[in-house]
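Okay, thanks for coming, everyone. I'd like to walk you through one model today, so let me put it on the screen.

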Amino acid sequence: MYGWFEENGLLLGLALLDGLAYAALVFMVAVGLNLVFGVLRVLNVAHGSLYAIGAYTAASLGLFLSARGLPEWASLAVLVVAAALVGGILGPLIERLLLRRIYAQEPVLQLLVTFALFMILEDAQKLIWGTQPVQNDAAMRLLGNFDVPFAGDFIPFTAYQLFVLPGVAVATLVGLAWFLRRTLTGRVIVAVTTDREAATAMGIDASRIYLLTFTFGAVLAALGGALSSPTASLVPGVGAQTIVLSFAVVATAGLGQIEGAALTALMIGLSRSIAVYFMPEAEVLTPYLIMVAVLLIRPQGLFGAAETRRV
Amino acid sequence: MSDVLLSARGLRLAFGGVKAADGIDLNVMRGEFLAIIGPNGAGKTTFINMTTGYLRPQAGTISYEGAPITGMAPRRIVARGIARSFQLPQLFTEHTVLENAALAIAAREGPWSPLKPLLRPAWREEARDLLERFGLSAIADARADALNEGARKLADIAMAVALKPRLLLMDEPTSGVAASEKMQVVETLARVLRAAQVTAVFVEHDMDVVERFADRVAVWSQGKIAALGPPAAVLADPEVQREVIGIERHAAA
Amino acid sequence: MRRTETILAIGGAALLVLLAFLAPWLRFVLTIALAKGIAVLGILLLLRAGQVSFGHALYLAFGAYVVAFLAPSSPEALILMPVAMLLSGALGLVVGLFVSRYREIFFGMLNLAISMVFYSLLEKLYHYTKGTDGIRVGVPRFLGMVLERDDFEWAMFATALLLALAIGFFVRLYLASPMGQALSAIKTRETRLEFMGLPARGVLLSAYVLSTLMGGLAGAIIALTTRHVTPLLGYWTVSGELVFIAILGGAGAALGPFLGAVTFELVRVYAAASFADAWQAILGLVLMGVILFFSRGLWGMVESLARKRA
């Protein structure tokens with residue numbers, strides 16, 4: 001065991017740091033998915049596409065602006081602007097033009113409509129950005145590296161992945177918890193999540209809440225994508241990978257859980273990156289295996305309350 | 001008439017700080033109609049839920065025909081001859097009323113015949129007959145989600161009766177039924193149940209219904225049975241009148 | 001409507017035979033379409049209970065690999081098919097005992113997860129499965145005879161057509177039976193089923209195992225027809241395709257899946273070549289259109305037409 005650590009300790013450290021950064025991104029997407037599902041009761045498969053489009057838009061916008069003389073320090077702000085644009089435009093469009101028509105449909109059909117949207121958006125991305133990798137790591141280069149002390153040694157790691165990604169995720173978690181519990185709109189959202197019929201009977205304008213929640217979820221997804229864009233070159237298929245992963249997080253954590261989603265994202269993010277470093281062939285499988293294992297033991301998810309059906 | 005069909009001893013169940021059952025002792029006699037009355041939140045539905053296996057009491061035992069059934073799965077309890085109906089009717093909304101009744105018959109007879117239709121002649125006949133007894137023949141072919149509240153309520157009870165239970169627990173069988181139809185509905189119900197020799201326990205808010213149809217009344221109050229006896233005696237008790245019926249009459253008005 | 005359906009089924013079968021005569025290259029496409037239709041019948045059973053599996057490609061791939069593994073030692077097509085079907089059903093029973101406890105997203109995701117684990121195994125266990133290269137299926141026998149390529153294709157087409165009719169007929173009976181009717185009761189009021197003493201999990205499990213038998217059989221037909229199996233048959237996009245076909249064809253009747261599958265495969269032959277870049281988007285638009293405007297699918301349209309005539 002000692003020998004193993006001697007040899008692989010730094011690799012393990014790197015895997016943990018990578019996993020943390022990755023978990024932060026996964027959390028951003030999964031929490032939005034969860035929120036939207038809680039309020040609209042629609043499981044949005046196209047949520048992963050919003051992530052991918054956010055990433056592509058951020059990369060392209062950054063490249064476009066820096067070619068026109070945008071100072072380097074602004075590259076971080078570009079990520080946020082891109083996310084706000086993508087979520088703020090696509091979110092309301094999708095909710096008003098598409099989802100609004102299917103709230104009365106069966107859950108299966110709702111799911112499939114968003115699946116259809118996902119298929120369309122996937123091809124749209126290929127048409128706009130092509131199949132060649134797109135890369136813009138200006139934001140990551142801007143902040144440079146940071147030496148992380150680990151087991152008596154140092155691991156050089158990008159400050160962007162070390163501080164910005166987890167920082168934004170934690171801020172989202174805290175901000176969201178505060179918003180849902182302390183503000184009026186937030187409480188209304190929680191009320192609609194817990195008992196839609198009662199909430200609408202009390203005169204809550206469900207339509208406005210749906211629009212707001214969906215847009216907010218879309219912005220979170222796009223932000224996750226935008227923040228991920230400096231860390232990797234973008235290729236088609238990123239949307240599918242993301243949605244499967246966030247579904248796994250939501251199912252593992254249990255529906256309607258925010259803190260639960262954060263812990264689960266951390267668990268899945270870390271195990272995935274450990275797999276990447278030590279058992280690359282199992283990388284794709286880790287989220288699934290975790291989900292199956294958790295649901296075997298707790299059918300309602302790690303943190304989900306057992307469903308109480310009204311009789 | 002005098003033997004005990006269902007016996008509950010020392011049932012306790014609390015949700016958080018609310019004691020929905022705080023030491024319930026009750027015998028239900030074979031053949032009787034027992035009404036349960038009491039204010040909302042007194043634990044009336046909880047008693048039905050515990051008896052039918054939906055909730056497990058934290059303490060106490062329930063026995064039926066002398067054998068313990070405490071904490072059994074709903075399915076096993078039904079198999080022993082206890083059925084229930086619901087305050088909010090639980091119908092299969094994609095099916096017609098006739099199919100709803102036939103599904104209940106299938107549940108009783110066993111559904112495991114993949115090649116014979118649900119509406120096979122024998123079951124169709126029985127379902128039609130059942131609906132006729134409940135006065136529902138006219139809407140037999142209507143979809144269950146297209147009915148008015150009174151009809152949904154009766155269909156819900158009919159499905160429970162289709163299981164041929166010896167004990168039927170009904171959660172507010174007359175709530176949601178229009179006042180003008182109420183007595184007629186109960187009349188129908190009582191006739192069907194007496195004919196089928198079913199013992200009935202029902203939660204009821206309408207004291208006229210209780211006076212007319214119950215053999216005995218149990219008054220629920222904060223998870224306890226405050227009074228138990230023939231309707232005339234119990235409803236005349238000033239304590240009961242003040243604590244429960246005042247509220248009930250008020251609520252009904 | 002039941003008689004109309006029977007007439008349409010026979011008429012449709014005759015039409016397929018005619019097509020296969022007129023355009024021999026279509027025989028292959030139609031055989032695959034019929035196989036997928038059989039698999040989609042299984043998806044339809046689950047849809048009746050309001051459950052959608054995003055992992056049924058698992059059983060397709062499993063059936064296909066059973067054929068690929070057994071063909072060298074026992075090349076008889078008429079034995080390979082039932083064996084693949086039964087083994088797939090056995091796998092389905094094991095998986096089903098687990099997944100039948102779950103509903104909606106949990107059900108869908110668990111099926112996806114299990115199918116992806118199997119897919120990875122197919123890809124990674126190169127020693128046994130030859131990984132992404134896949135396995136060639138040698139020339140199978142039919143009733144003990146070694147047939148010419150053309151004759152074998154005919155034999156497979158005819159077998160697929162007969163099986164489709166037989167299984168379609170069975171599914172129609174099943175849906176009208178208490179077991180089938182209880183499926184939609186699971187969707188609308190599962191608790192009531194339990195309170196009536198009708199075990200919802202058993203009802204769903206039965207439908208699940210049936211769906212895996214059909215999936216395995218479909219996989220076997222595909223393997224015998226394409227004579228080459230790859231892990232791609234078990235990828236989640238194939239599972240999605242099955243669900244797509246189910247919605248396209250309409251979940252209202254046993255004929256729906258075949259309407260959907262034949263349409264899907266024919267359109268794919270033409271459209272995938274002409275619009276390779278936008279193929280997925282076109283599928284998406286069609287799916288969206290069907291759900292928004294004809295939620296009962298192609299079969300629903302046929303039904304309305306027949307009603308108007310009557």
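Some housekeeping. This is a predicted model, so local features need pLDDT of at least 70 and side-chain atom pairs count only at pLDDT 80 or more, while totals for chains, interfaces and linings use all residues. Residues are numbered from 1 along each chain as its sequence is written, and chains are lettered from A and ligands numbered from 1 in the order in which they are written.

Let's start with chain A. Its secondary structure comes to twelve helices and two strands; those are DSSP runs, H or I of at least four residues for helices and E of at least two for strands, numbered from the N terminus. Along the sequence the pattern reads α-α-α-α-α-β-β-α-α-α-α-α-α-α. The radius of gyration of chain A is 20 Å, close to the 19 Å from the globule rule for 311 residues, so chain A is as compact as a globular protein of that length. That radius is taken over C-alpha atoms, and the rule is 2.2 Å times the number of residues to the power 0.38. The C-alpha trace of chain A spans about 60 × 55 × 35 Å along its principal axes. Of its 311 residues, 49% count as buried, meaning 20 or more other C-beta atoms within 10 Å of the residue's own; exposed is 12 or fewer, partly exposed is in between, and the C-beta atoms are placed from the backbone.

Now chain B, which has nine helices and ten strands. Its radius of gyration is 18 Å, close to the 18 Å that the globule rule gives for 253 residues, so chain B too is as compact as a globular protein of its length. Buried residues make up 45% of chain B.

On to chain C against chain A. How many residues does each chain bring to the contact? It's 32 from chain C and 33 from chain A, where contact means C-beta atoms, placed from the backbone, within 7 Å. On the chain C side, H5(C) gives the most, with eleven residues. That side divides into 21 nonpolar, seven polar and four charged residues. Here Ala, Val, Leu, Ile, Met, Phe, Trp, Tyr, Cys and Pro are nonpolar, Asp, Glu, Lys and Arg are charged, and the others, Gly among them, are polar.

Last, a few single residues. Most residues other than glycine have a negative phi. B:Glu172, though, has phi near 50°, and sits in the loop between strand E7 (167-171) and helix H6 (179-195) of chain B. Is B:Glu172 buried or exposed? Buried, because it has 20 C-beta neighbours inside 10 Å. C:Leu143 also has a positive phi, about 55°, but with 9 C-beta neighbours inside 10 Å C:Leu143 counts as exposed.

Terms used
Two residues are in contact if their C-beta atoms, placed from the backbone, lie within 7 Å.
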